Amino acid sequence: MQAALRRRLGGARWALRVSEAAPRPRCAGPGAPLAPRCWSCGRPFPGAEGPPRLCPGCRALQPPAPRPDLFRLMECDRSFRLDAQQLQRRFRSLQRAVHPDRFGQRPPKEQRYSEQHSSLINKAYQTLLHPLSRGLYLLELKGVEPAQETDCDADSAFLTEIMEINEKLAEPKNQDTLQEIETLIKVKQEELTKEVTAAFERDDLQEAKKLLAKMKYFANLEDKLKNKKIPS
């Protein structure tokens with residue numbers, strides 16, 4: 001009997017040593033983010049910004065992130081230089097995947113998420129497609145406030161040029177004059193786009209900020225020109 005008791009005690013001590021040596025599961029700290037869970041089935045899955053996600057378990061469409069990175073959403077490098085054709089292909093692919101028509105038979109919550117994704121993808125496409133909005137968004141991501149109109153006050157030659165174009169736009173409608181202004185604005189915008197590209201690529205954010213402020217002036221002139229061309 002004593003021999004049997006010793007064997008039992010020895011086995012218990014061995015089991016205890018094994019349990020103490022085994023690694024214990026780590027608890028997440030109070031500040032650690034919790035893995036997102038599917039709103040439909042509760043299954044956890046890795047959270048990451050980017051394209052719209054489906055639950056790997058029940059295939060339910062998940063809600064968009066609160067403040068998504070539009071470059072990651074459209075699978076573009078976070079750069080001012082951008083392939084417009086690639087962006088357009090990505091836009092069409094995403095819109096097909098989340099179009100509300102595809103979720104017409106799904107639960108109301110999932111239909112709402114589909115509409116939110118569709119709206120967000122439209123916003124991302126329009127923001128990244130146009131050089132001015134793309135540049136301003138890049139500055140925002142880098143924590144740089146956009147320039148105010150007064151930031152261009154020191155450039156008297158630039159302001160004089162803008163004033164002269166405004167004066168021409170205020171004159172009675174003349175197709176030749178409007179065509180001349182349209183060509184001038186296009187050339188200026190192309191020149192500024194090249195300069196902004198170079199500024200971002202050398203990480204000169206303050207110079208990019210000034211150039212984008214000038215682009216904004218020409219964008220305003222472009223809007224005035226379009227209104228002027230509308231038949232009265």
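Me: Which residues have the most contacts inside the largest nonpolar core?
Reply: Leu 73, Met 74, Phe 200 and Phe 218 have the most contacts inside that core, which has 41 residues. A nonpolar core here is a set of buried Ala, Val, Leu, Ile, Met, Phe, Trp, Tyr and Cys residues joined through side-chain atoms within 4.5 Å. Buried means under 20% relative accessible area, exposed over 50%, and partly exposed in between, with a 1.4 Å probe and protein chains only. This is a predicted model, where local features need pLDDT of at least 70, side-chain atom pairs count only at pLDDT 80 or more, and totals for chains, interfaces and linings use all residues. Residues are numbered from 1 along each chain as its sequence is written, and side-chain values use heavy atoms, with hydrogens and water left out.

Me: Which element gives the most to this core?
Reply: Helix α8, with 10 residues. Helices are DSSP runs of H or I with at least four residues, numbered from the N terminus.

Me: And what does Phe 218 touch?
Reply: Phe 158, Glu 161, Ile 162, Ile 165, Ile 185, Lys 188, Gln 189 and Leu 192, leaving out residues up to four places away in sequence. Contact means heavy atoms within 4.5 Å.

Me: Back to α8. At what angle does it pack with α5?
Reply: About 145°, with the axes of α5 (residues 131-141) and α8 (residues 205-229) 10 Å apart. The axes are lines fitted to C-alpha atoms over the stretch in contact, and angles run from 0 to 180 degrees between N-to-C directions.

Me: Which residues of α5 make the contact?
Reply: Pro 131, Leu 132, Gly 135, Leu 136 and Leu 139. On the α8 side, the residues include Leu 205, Leu 212 and Met 215.

Me: New topic. How many disulfides?
Reply: The count is 0, taking a disulfide as a pair of cysteine sulfur atoms within 2.5 Å.

Me: Is Cys 38 buried or exposed?
Reply: Buried, at 4% relative accessibility. Cys 76 is buried too, at 15%.

Me: Where is Gln 95?
Reply: In helix α3, residues 84-98. Gln 95 counts as buried at 12% relative accessibility. Beyond its neighbours within four places in sequence, Gln 95 is in contact with Ser 118, Ile 121 and Asn 122.

Me: Last one. Where does Pro 36 lie?
Reply: In the loop between α1 (2-21) and α2. Pro 36 is partly exposed, at 31% relative accessible area.

Technical notes: Helix = DSSP H or I, 4+ residues; strand = E, 2+ residues; numbered from the N terminus.
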